Amino acid sequence: MESLQTTRKLTQQEATEVFMKYYGYVRSVAFAAAPVASLSEDIAHDAYVCFMENVATWDYCEEKVKPLLKSITRNMAARVWKSQARQTPEALRAVAEFLHTELIDDEAFHASYCSLEDKLDALRSCLAKLSPESRMLLEKLYFEENSYSDLAVLLNKSTEALYMQASRARAQLQDCVNGVLEAEQ
């Protein structure tokens with residue numbers, strides 16, 4: 001005989017307690033799904049906000065909490081991936097796409113690899129042309145995987161100022177890479 005799970009709506013206080021009970025689980029899902037490890041806390045926080053915003057629409061059932069939190073957390077991570085992809089210079093995006101696709105035949109691999117090498121060479125050369133401050137910021141964001149909030153504390157600047165500086169540096173980098181690649185053709 002199947003046991004019937006009773007469902008009910010949660011109060012905000014109860015919802016917070018339920019979320020905190022599974023917070024370690026949410027953090028592990030966020031860590032596994034994050035584009036970079038340093039963003040896992042932000043993703044877990046976003047999952048909490050989403051859970052709390054929608055708690056009145058869900059019927060609480062203990063056995064369905066983990067799958068629900070897993071789904072929410074993965075959706076928050078997917079949003080972060082999309083956001084990161086929009087902020088990434090075209091050459092780096094091409095590198096990521098190259099690494100995430102399966103190569104079907106040797107000719108396609110060779111063409112992709114040669115194109116990738118050209119883009120990486122252009123990227124290296126253009127990174128060297130950035131101001132030392134802009135280059136350092138991009139290196140800390142993308143190579144060392146620091147978050148904007150971590151860098152704001154480290155560099156004693158606001159996150160908004162760092163975001164704008166990084167945005168300008170990425171635009172300069174993208175223009176330079178595009179120019180180098182067009183000149184090679």
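Predicted model: local features only at pLDDT ≥ 70, side-chain atom pairs only at ≥ 80, totals over all residues.
1. Helix α7 covers residues 132-143 and helix α8 covers residues 148-155. Their axes lie 10 Å apart and meet at an angle of about 135°. Angles over 145 degrees would count as roughly antiparallel and 65 to 115 as roughly perpendicular, so this pair falls into the remaining class, oblique. The crossing of α7 past α8 is right-handed.

2. Which residues make the contact between α7 and α8? From α7 come Met136, Leu137, Lys140 and Leu141, while α8 supplies Tyr148, Leu151, Leu154 and Leu155. Sorted by type, the residues of this contact are 7 nonpolar, no polar and 1 charged.

3. Now for the charged pairs. Side chains of opposite charge can pair when their charged atoms come close.

4. Glu62 belongs to helix α4 and Lys21 to helix α1 (residues 12-21), so the pair ties together parts of the chain that are 41 residues apart in sequence. Glu62 is partly exposed at 29% relative accessible area, whereas Lys21, at 55%, is exposed.

5. The salt bridge between Arg124 and Asp121 sits within one helix. Its N to O distance is 3.0 Å. Both residues are in helix α6 (residues 106-129), and because they are 3 residues apart there, about one helical turn separates them. Asp121 is partly exposed, with a relative accessibility of 41%.

6. Next come Lys157 and Glu133, another salt bridge, whose closest N and O atoms are 2.7 Å apart. Where do the partners sit? Lys157 is in the loop between α8 and α9 (159-184), and Glu133 is in helix α7, so distant parts of the chain, 24 residues apart, are linked. Both ends are partly exposed: Lys157 has a relative accessible area of 33%, and Glu133 has a relative accessibility of 39%.

7. Finally, have a look at Asn75. This residue is found in helix α4, which runs over residues 62-87. Is Asn75 buried, exposed or partly exposed? Its relative accessibility is 45%, so Asn75 counts as partly exposed. Cys50 is 25 residues away from Asn75 along the chain, and 10.0 Å separates their C-alpha atoms.

Notes
Residues numbered from 1 in each chain as written. Heavy atoms only, no water. Helix = DSSP H or I, 4+ residues; strand = E, 2+ residues; numbered from the N terminus. Buried < 20%, exposed > 50% of the residue type's maximum accessible area, 1.4 Å probe, protein only. Axes fitted to C-alpha atoms, helices over the stretch in contact; angles between N-to-C directions. Parallel < 35°, antiparallel > 145°, perpendicular 65-115°, else oblique. Left-handed = near helix turned anticlockwise from the far one by under 90°. Contact = heavy atoms within 4.5 Å. Nonpolar A, V, L, I, M, F, W, Y, C, P; charged D, E, K, R; others polar. Salt bridge = Lys/Arg side-chain N within 4 Å of Asp/Glu carboxyl O.
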